[in-house]
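Please look through the sequence and the structure shown below, and then follow the explanation one step at a time.

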Amino acid sequence: MKKDVKFNISCPMPELDYDVITLGHGSGGKLTHHLLDTGVFEILDNEYLATRHDGALLNIDGPVAFSTDSFVISPLFFPGGNIGDLAVNGTVNDLAMCGAHPQFISLGFILEEGLDVRELWEIIYTIKLAAEHSGVKVVTGDTKVVEKGKGDKIFINTTGIGKLHQKGKIDPQRVMAGDKIIVSGSIANHGICIMSKREGLEFETEIKSDTRDVSGLTTALLDRFGEKIKLFRDPTRGGVATVLNEIAGQVNTGVELKEEDLPVATQVDAACEMLGLDPLYVANEGIFLAFVDGKVADEAVEILRSMEGGEEASLLGEVVENHPGKVVIQSVIGGRRVIPMLPGDQLPRIC
Amino acid sequence: MRYLAEYRDRVAVEDLLSEIEKTVTQPWNIMEICGGQTHSLVKNGILDMLPKEITMIHGPGCPVCVTPVDMVDKAIALALDKGAILCSFGDMLRVPGSEMSLLTAKAHGADIRIVYSPLEALSIARQNPECQVVFFAVGFETTAPPNALSVVLAKKQGVSNYSLLVSHVLVPPAMEVILSDEENRIDGFLAAGHVCTVMGYEEYYPLSEKYGIPIVVTGFEPVDLLQGILMAVKLLEESKVEVENQYARVVRRKGNIHAIQTIREVFEIADRTWRGIGKIPMSGYELRLAYQEYDASKKFELISGKNKECESCIAGQVLKGLKKPVECPEFGKACTPENPLGAPMVSSEGACAAYYQYAGDSELI
C-alpha cells in the first residue's frame, strides 16, 4: 500500500515517469539526469547548483567551522518533521554548536530501489524549506541508488560549512567550576516521538519531534555575551546525560543537576515512566546545552525564553569542583545519585 | 505527574524518614524482594538517607538475573539455528549466554525483536504465517498473566506458528530458599508490590509464620518504600510477626482473580533452575498438557548448550542477599554493564547494575 503523502506546499510536484526509484536512477545515465533535473535541481534551485559542476566554488573570509553528519532514521516521516528537515537542522545545529553561522551544506542521498518517488519529493521540499528558514544554501550533492534490501528507503549524508562568530570562543577547555548549564528547551521529545511511532504506541496527545534550527538562539547568546559563553553542545544521541558525562570527563570537573529542574513535558514524562526509560538518555534534535559564565546565566535564559524555539529554556545545573568526571543528580526527594554514561541503547524493562 | 508526584513528595519523604529514625532502636536487615524496588532505592538515593541501623539487602526479584544461562542459549539457538523470530522484552537482550547474548546473535543475523507485550509477538505470528514466532516468556508472577493470555488467544485464533519459551519463576519458593539458608541474616521482607497485585498476599502468611518474620507488601515509589520500611521496622521493634500491606491502593489480599485464573488455565507449577541459585523445587511455571503445542522447548529440538557461567561471578550470593555487589572483586573492574560477567550487571533491575549506574563510587552509596 502506498503512503498517503500530504503536501502543504504550493510548489507543483515534479513529473517523473516512474512512481518508484529504480536502479537506473543511480546509473548516471538519462534516468539520473531526469531525476536530478526535474526533481532535485528544480526544487533546490540556486546559483551554485545551477553551474551543474562536480563541486561548488565558495568564497568565505576568515575562520570557518566544518561538520558532517548522516541520517538513517526510521520512520522517515514522524510528527514534527521528516528525515529532510532533520538532516538540514542537524547539520546547521552542529555548526551552531561550534559557534558558527551556518552558510553552505552538501547533500548525499543513498536511495533504496523501490522508494516511493512522492516520498522523495516531499523530503526534498522539506529540505528546501528548512534550508530557506535557516538561511543556508545546498551547494553540492550526490545521489546513489542501492538494491532493494541493501538500504532503508533513504539515507542522507550532509556536510556543512559556517563562518565562526566574531565574538565567539567556544572551547570545552574553558569550562570551569562555577559555570552554569542552560538547556534551551524541554528534553526527550524527539526520541520518544520516534519510539512511539516505531512501536505503535499511542498517547492522548501526539508527541512531536523537537527538530529545529537552533542557530538563531546560539547567535543571539554569542552576540550578547561573547566569550562568557564557554561551550554549546546538542544532546542528540545518548541525550543530555551523555553530553554532560563527555564534558565532565573531558574537562575533569563535576556536574551537579537537580531532578526537579529537568524540563520534561508531561506526555513525554508519562511515556518514559511507562517504558522504563530515563529522559536524560533520550535523544533530542532541537535543543542545546550552553555552558556559560555563572554571572550571565539568568540573563541568558531570559534572552532564550524571549525567542522562538527557546521559550522553554531553563537552568539545568552547574559545573562544580567536587567529584571530577562525574555527573551527580539530586533526586526529587533529596537523595543523590550518579548519572553514568550508558553502555548502549536504553532497553525497555520487563516489568 | 498525577498518581506519581504524590509518592515522590519531599515533605512526605522527610516525615517518614524522621518517623523511621524515631522508631528504630537496633540494627535490622530488611530485604526488598523486587529488583524494581532495588532500582528505586538506589535511583532516588534512599539508601543514603536511611538511619545507619537499617541495612537494605537486595533480593532475587530481577527476572533477567535469575533466568538460567541455558534458557538464554536456547533462545539464541531458536533464532540463530532454527530460524524462528524470537520476540523478547528489551532487557533480556544484553544478558550473557554461554557464548553470546541475544544482542550479539541479532548482529549475526538472527531475527530478534524487542516487544512490549506478548500480544505483540502473537500479532507478529499472525502477520508472518510462514515463520515460527517464539516469545521468550521470562519473569515472575507479574508477567505470567499476559503471557498465558497470549497462548489462550493463539489457541482461540488458531495461530499455530506461535509458542513460548517459558522461564517463569515464583517469589515465595525463592524466599523460602533464602530463609532456610544457614547464612541468612534477614529480619524482615518488603514483598514485591506488582507480584502481589497479581497473586495477592495470602501465600505469605505461612512463610511469615514458619520463619517468624514480618513481611510488608510494598510499592515502588520513594514514599511507598519508606512507608514499607517504617511498617517493617515497627513490626520488628515490637517483635510482631505479621503480614501487612503498604501497597493497598493496588494490592488486594486475594490478588487479581481473573489474572490468576488465566495463569492456572495455561500454566502449572514445576521445578525451575534459577541462575546463580540453582534448582528450586516447584518454583516456576510450565505450560499445561493442554497447551503443549505452544511450548517452544517441546516444539523444537533444543539441546542444552554449554551452560557456561563465569566462575568469578558471585551473582548467586548477591541474589540471596549474602553479599553486596561492591563486595565482588570483579565489580566495576572486569564486570561492567558494557562487559557483564553475570546477569545482575545487565538489567536495570539487577542489584549490580543499580549500584554501578547510580552509585558510581562507594562514597555516594
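What is the area buried between chain B and chain A? It is about 3000 Å², of which carbon and sulfur atoms give 63%, where buried area is the accessible area (1.4 Å probe) that two parts lose on being put together, summed over both. This is a predicted model, in which local features need pLDDT of at least 70 and side-chain atom pairs count only at pLDDT 80 or more, while totals for chains, interfaces and linings use all residues. Residues are numbered from 1 along each chain as its sequence is written, chains are lettered from A and ligands numbered from 1 in the order in which they are written, and side-chain values use heavy atoms, with hydrogens and water left out.

The contact (heavy atoms within 4.5 Å) takes 38 residues from chain B and 29 residues from chain A. Between the two chains there is one salt bridge, a term for a side-chain nitrogen of Lys or Arg within 4 Å of a carboxyl oxygen of Asp or Glu. R8(B) forms a salt bridge with E273(A), and their closest N and O atoms are 2.7 Å apart.

As for confidence, pLDDT is the predictor's confidence in each residue, from 0 to 100, and chain B has a mean pLDDT of 92, with 98% of its residues reaching 70 or more. Over residues 361–365 of chain B, however, pLDDT stays under 50, and for these residues the model has 10 contacts beyond four places in sequence. The model scores ipTM 0.82 and pTM 0.87.
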